[in-house]
Amino acid sequence: MSRVRELKREVWGLLERAPDLPVLYRELERFPPRKLVSPLIGAFCHRDERVRWLAIAGLGPTVARIAREDLESARVVIRRLMWMLNEESGGMAWGAPEAMAECLFWHRGLAEEYAHILVSYLRPDGNMLEYPPAQRGVAWGIGRLAQKKREELLALEAHGYLFPLLDSPDERVRVFSAWAFSFLAPFDGAERVLAGLKHAEAPPVRIVFFDGENLREVELGVLLRDSLERLRRASPPARR
């Protein structure tokens with residue numbers, strides 16, 4: 001077996017066996033970070049949704065380690081994710097927006113350079129992605145990055161560009177957008193979001209969801225309800 005295949009099998013084994021994120025992070029630190037990039041990105045297409053999320057969560061601190069050693073090498077990884085989101089790549093971009101956001105979350109310098117690119121995937125005058133699974137990833141990514149870079153995302157008008165996704169026919173796009181809004185609040189126009197989602201419902205579908213701290217199974221409807229409650233609490237009446 002080649003060393004590349006052996007490494008992939010070893011990393012995927014870690015992802016499949018990891019009981020939680022702290023254990024996964026510790027295990028990944030045993031490897032040179034550059035060696036982990038391809039196996040982790042390859043796992044974005046794993047058949048197990050939990051493994052896919054762990055791969056995304058694992059790439060963030062891995063790329064941050066690379067950036068601390070050599071920022072240009074970390075930029076290469078971000079550009080690889082951007083290429084996956086390019087129509088010309090011919091790929092499906094599974095996990096690429098989420099992974100990009102996770103990398104920006106973990107490294108301030110990368111966030112300063114690439115947050116506007118992440119927002120551009122919502123912009124009609126930018127690189128707007130129209131494929132619902134990709135839109136889910138961008139909405140989740142905005143929410144994830146907002147947990148650390150809320151002001152920067154508001155300055156980039158991320159909340160305004162996110163708003164049209166509330167009308168998506170895809171329920172996960174709508175729910176993930178509500179989740180993202182709950183971390184962008186408070187912001188002017190929050191009342192439009194709350195009004196738009198006042199009667200929103202989500203089917204009793206259970207999904208695996210990474211909320212930035214934990215990987216858990218949750219019903220879409222519960223995720224929507226919790227997101228709206230957090231949005232209300234964070235939005236003073238004057239801002240609604």
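**Group meeting: a loop, a helix and a cavity**

Okay, let's start with Glu-157, which sits in the loop between helix H8 (132-155) and helix H9 (158-162). Helices here are DSSP runs of H or I with at least four residues, strands are E runs of at least two, and both are numbered from the N terminus. Before going on: this is a predicted model, where local features need pLDDT of at least 70, side-chain atom pairs count only at pLDDT 80 or more, and totals for chains, interfaces and linings use all residues. Residues are numbered from 1 along each chain as its sequence is written, and side-chain values use heavy atoms, leaving out hydrogens and water.

Back to Glu-157: its phi is positive, about 65°, although it is not a glycine. Most residues other than glycine have a negative phi, and most peptide bonds are trans. Glu-157 counts as partly exposed, at 42% relative accessibility. For that term, buried is under 20% relative accessible area, exposed is over 50%, and partly exposed is in between, with a 1.4 Å probe and protein chains only.

Now look at the loop between H10 and H11, where you'll find Pro-186. A cis peptide bond joins Ala-185 and Pro-186, with omega about 0°.

Next up, H12, residues 220-234. Which of its residues are buried? They are Leu-220, Leu-223, Leu-224, Ser-227, Leu-228 and Leu-231. They cover an arc of only 130° around the axis, so they end up on the same side of H12; that arc is taken from the directions from the helix axis to the C-beta atoms. An α-helix has 3.6 residues a turn, so residues three or four places apart point the same way. On the face turned away from the buried side, H12 carries exposed Arg-225 and Arg-233.

Ser-235 is buried, at 1% relative accessible area, and its side chain reaches the backbone oxygen of Leu-231 at 2.7 Å.

Last stop, the cavity. On a 1 Å grid over the protein atoms alone, a cavity is a set of points where a 1.4 Å probe fits but cannot get out, and lining residues have an atom within 4 Å of a point. Volume is the space filled by probe spheres set on the points, which are joined across faces, edges and corners. The structure holds one cavity of 30 Å³ or more, and the largest cavity has about 40 Å³ of space.

Terms used: The expected span of a helix is 1.5 Å times one less than its number of residues. A polar contact is a pair of N or O atoms within 3.5 Å; within protein, one must be able to donate a hydrogen and the other to accept it, and residues adjacent in sequence count only if both atoms are side-chain atoms. On a 1 Å grid over the protein atoms alone, a cavity is a set of points where a 1.4 Å probe fits but cannot get out, and a pocket is an open set with protein on both sides within 12 Å along at least five of seven lines; lining residues have an atom within 4 Å of a point.
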